[in-house]
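Here is a short briefing to read with the model open beside you. Take it one topic at a time and find each part on screen as you go.

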Amino acid sequence: MTDLSLAKALEIITGALAKGAELGLKPLAVVVLDAGGHVKAFQRQDGASMMRFEIASGKAYGALAVGVGSRWLNTQAETRPHFLEGLSAVSGGKIVAVPGGVLVKDSSGGIIGAVGITGDTSDNDELAAITGIEAAGFTADAG
């Protein structure tokens, strides 16, 4: 399994923010967590609102917690709300169950981290995360 280096985490953020600029998205906040859920890197664009770190982290943390992108968690929230209520309770409220949390996988398919992005629509946040992950040479798993 490959480790997620700081240099690669910063590449992910750069790629994600470049995609946001290309699409004219609202100011984004991007967090990269390692496989243990620890912050590897974070950047918030000028103009992004104050809770963006917590939201982005919650998206990435949720993806790591269940081993699948936060789009899956969003579906579970809609179809099995009791599951998400329990998951939220056991995580201490750390999980944000909307698209924009994407797993980072190495060349062997191992989970080495997750990216959480917030600031625009959830679909656009997710697209920027996927773009950043792939720009850094990894595989994205949005769930």
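Start with Asp125: leaving out residues up to four places away in sequence, Asp125 touches Leu28, Lys59, Gly100, Ile117, Thr118, Gly119 and Asp120, where contact means heavy atoms within 4.5 Å. Keep in mind that this is a predicted model, in which local features need pLDDT of at least 70, side-chain atom pairs count only at pLDDT 80 or more, and totals for chains, interfaces and linings use all residues. Residues are numbered from 1 along each chain as its sequence is written, and side-chain values use heavy atoms, with hydrogens and water left out.

- Asp125 sits in helix α5, which covers residues 122–135; helices (H or I, at least four residues) and strands (E, at least two) are DSSP runs, numbered from the N terminus.
- Asp125 is buried, with a relative accessible area of 1%; buried means under 20% relative accessible area, exposed over 50%, and partly exposed in between, with a 1.4 Å probe and protein chains only.
- Glu126 is found in helix α5 too, and at 9% relative accessibility Glu126 counts as buried.
- If you skip its neighbours within four places in sequence, Glu126 is in contact with Arg71, Pro99, Gly100, Val102 and Ala142.

**The whole protein**

- The protein has five helices and five strands.
- Reading from the N terminus, the elements go α-β-β-α-α-α-β-β-α-β.
- The radius of gyration is 14 Å, close to the 15 Å that the globule rule gives for 143 residues, so the protein is as compact as a globular protein of that length. The radius is taken over C-alpha atoms, and the rule is 2.2 Å times the number of residues to the power 0.38.
- Picture the C-alpha atoms filling a box of roughly 40 × 35 × 20 Å, taken along the principal axes.
- Of the 143 residues, 45% count as buried.
- Among contacts with a separation of 6 or more, 65% come from residues 24 or more positions apart.

**The sheet**

- Five strands form an open sheet in the order β2-β1-β4-β3-β5, with antiparallel pairing; two strands pair if DSSP finds at least two bridges between them.
- Which strands stand at the edges? They are β2 (39–44) and β5 (139–141), each with a single partner strand, so one side of each is left without a neighbour in the sheet.
- On average, neighbouring strands of this sheet are turned by 20° against each other, direction ignored. Axes are lines fitted to C-alpha atoms, for helices over the stretch in contact, and angles run from 0 to 180 degrees between N-to-C directions.
- Helix α2 (residues 52–66) packs on the sheet and touches β1 (29–34), β2, β3 and β4, and its direction makes about 145° with that of β4.

**A closer look at β4**

- Seven of the eight residues of β4 are buried, so this strand is largely enclosed by the rest of the structure.
- Strand β3 (residues 101–105) pairs with β4 (residues 111–118) in the antiparallel sense over five bridges.
- Six bridges join β1 to β4, and these two also run antiparallel.
- Ala114 in β4 stands opposite Leu103 and is also the bridge partner of Leu33.
- Lys105 has Ile111 as its bridge partner in β4.
- The hairpin of β3 and β4 has five residues between the strands, and Gly109 there takes a positive phi near 90°.

**How the helices pack**

- The axes of α2 and α3 come within 8 Å and cross at roughly 85°. That makes α2 roughly perpendicular to α3; angles under 35 degrees count as roughly parallel, over 145 as roughly antiparallel, 65 to 115 as roughly perpendicular and the rest as oblique.
- In this contact, Lys59, Gly62, Ala63 and Val66 in α2 meet Ser70, Trp72 and Leu73 in α3.
- By class, the contact of α2 with α3 has four nonpolar, two polar and one charged residues. Here Ala, Val, Leu, Ile, Met, Phe, Trp, Tyr, Cys and Pro count as nonpolar, Asp, Glu, Lys and Arg as charged, and the others, Gly among them, as polar.
- Helix α3 (residues 70–79) and helix α4 (residues 81–90) pack at about 120°, with their axes 5 Å apart, and that makes α3 oblique to α4.
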